[in-house]
Amino acid sequence: MARNYAVSRVQSKCTTCSLRELCLPVGLDERETEILGELIDHKFRIRRGEHLLHTGLGFKSLYTVRNGFFKSYVLDSDGCQQVTGFYMTGELLGLDAISSEKHTCDTVALEDSEVCEVPFAKLEEISRDIPLLMHHFHKIMSREIVQDHNIMMLLGSRKAEERLAAFLLNLSERFAKRGYSSTNFILRMTREEIGSYLGLKLETVSRSLSRLQEEGVIAINNKHVRLNDIQRLSRKLYSSSDR
């Protein structure tokens, strides 16, 4: 299947990339970093609305989000989208296909984005000489599993407003890790996509956001969100677990 986005050579290697600490394991020496830099030598520009991956596509590479925002989704029996995840700068795409060697979901850009391609066969080959590299990716995969388990618990035991609070807190933490504001950010996804991800109806998402704003916990203007009181937002989540 031909990709419909432009390909260009990376002008700077991993040693000068601003995402180095997010993408590479701490502890690689200069030689090892250069070896990995030769592996990750292409970046793809993907316009908003274009797909990076499709369900059933054979697995060849992992992708690190260089900049931008993505969502993954599957289609239910009625052909409706069920959102399975959102991905931002520094996060990995394509881990779902390692076992079956086929991608199990579609992945689409929510804004104009760039990704770095990591050919998996070459990654495994290099990892024989750099054990720390594969150890790092094993940690990433473990983190994905833990995150999936947390989402399952969220969807199974929380009320609508609590699910939304957890979602906003999760975004806040992920933005903070990447050096962005933890209290002011843009929601790249629609209310409907948030609802699909959290197992809520569009109306419920809108109503819950409005309620949080009325309480002064957040301020929201279209897609821009400001978390006025992270502690109060956290209490909405954790107080319910004590009931």
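Strand β5, which spans residues 69–75, is largely enclosed by the rest of the structure, because five of its seven residues are buried. The model described here is a predicted one. Its chain has 243 residues, of which 48% are buried, and contains eight helices and 12 strands.

**Strand β5 and its partners**

- Strands β5 and β6 pair in the antiparallel sense, and seven bridges connect them.
- Two facing positions can be located along this pairing: Val74 stands opposite Gln82 in β6, and Leu75 stands opposite Gln81 in β6.
- The hairpin formed by β5 and β6 has five residues between the strands, and in this hairpin Gly79 takes a positive phi near 80°.
- Strand β5 is also joined to strand β8 (residues 106–109) by four bridges, and these two strands run antiparallel.
- In this second pairing, Tyr73 stands opposite Asp106 in β8.
- Tyr73 has a charged neighbour as well: Lys71 lies over the face of the Tyr73 ring, at 5.4 Å from the ring centre.

**The nonpolar cores**

- In soluble globular proteins, nonpolar side chains tend to be buried together.
- In this model, the largest nonpolar core has 31 residues, and Phe167 and Leu187 are those with the most contacts inside it.
- Several elements each supply at least two residues of this core: strands β6 (81–88), β11 (218–221) and β12 (224–227), together with helices α5 (160–177), α6 (191–198), α7 (202–214) and α8 (230–238).
- Helix α5 gives the most to this core, with eight residues.
- Apart from this core lies another one of 19 residues, among them Leu39, Phe59, Leu62 and Leu133.
- When neighbours within four places in sequence are left aside, Phe167 is in contact with Phe86, Met189, Ile194, Tyr197 and Leu198.

**Helix α6**

- Helix α6 is largely enclosed by the rest of the structure, because six of its eight residues are buried.
- The buried residues of α6 are Glu193, Ile194, Gly195, Ser196, Tyr197 and Leu198.
- Gly199 follows α6 and has a positive phi, near 75°.

**Aromatic pairs**

- The structure holds seven aromatic pairs.
- One of these joins Phe86 and Phe167, whose ring centres are 6.0 Å apart; the pair is edge-to-face because the ring planes stand at 65°.
- This pair links distant parts of the chain, since Phe86 belongs to strand β6 and Phe167 to helix α5, 81 residues apart.
- Phe86 also forms an edge-to-face pair with Tyr197, at 5.2 Å centre to centre and with 70° between the planes.
- Phe86, Phe167 and Tyr197 form one aromatic cluster.

**Contacts along the chain**

- Among contacts between residues at least 6 apart in sequence, 73% join residues at least 24 apart.

**Confidence in the prediction**

- The chain averages a pLDDT of 84, and 85% of its residues score at least 70.
- Among the elements of the chain, β8 has the highest mean pLDDT (98), whereas strand β1 (residues 7–9) has the lowest (35).
- Over residues 1–12, pLDDT stays under 50, and for this stretch the model has 30 contacts beyond four places in sequence.
- Where pLDDT is low, the predicted coordinates should not be read in detail.

Technical notes: Residues are numbered from 1 along each chain as its sequence is written. Side-chain values use heavy atoms; hydrogens and water are left out. A nonpolar core is a set of buried Ala, Val, Leu, Ile, Met, Phe, Trp, Tyr and Cys residues joined through side-chain atoms within 4.5 Å. Buried means under 20% relative accessible area, exposed over 50%, partly exposed in between (1.4 Å probe, protein chains only). Contact means heavy atoms within 4.5 Å. Two strands pair if DSSP finds at least two bridges between them. Rings of Phe, Tyr and Trp (its six-membered ring) pair if their centres lie within 6.5 Å; planes under 30 degrees apart count as stacked, over 60 as edge-to-face and the rest as tilted. A charge sits over a ring if NZ of Lys or CZ of Arg is within 6 Å of the ring centre and within 35 degrees of the ring normal. pLDDT is the predictor's confidence in each residue, from 0 to 100.
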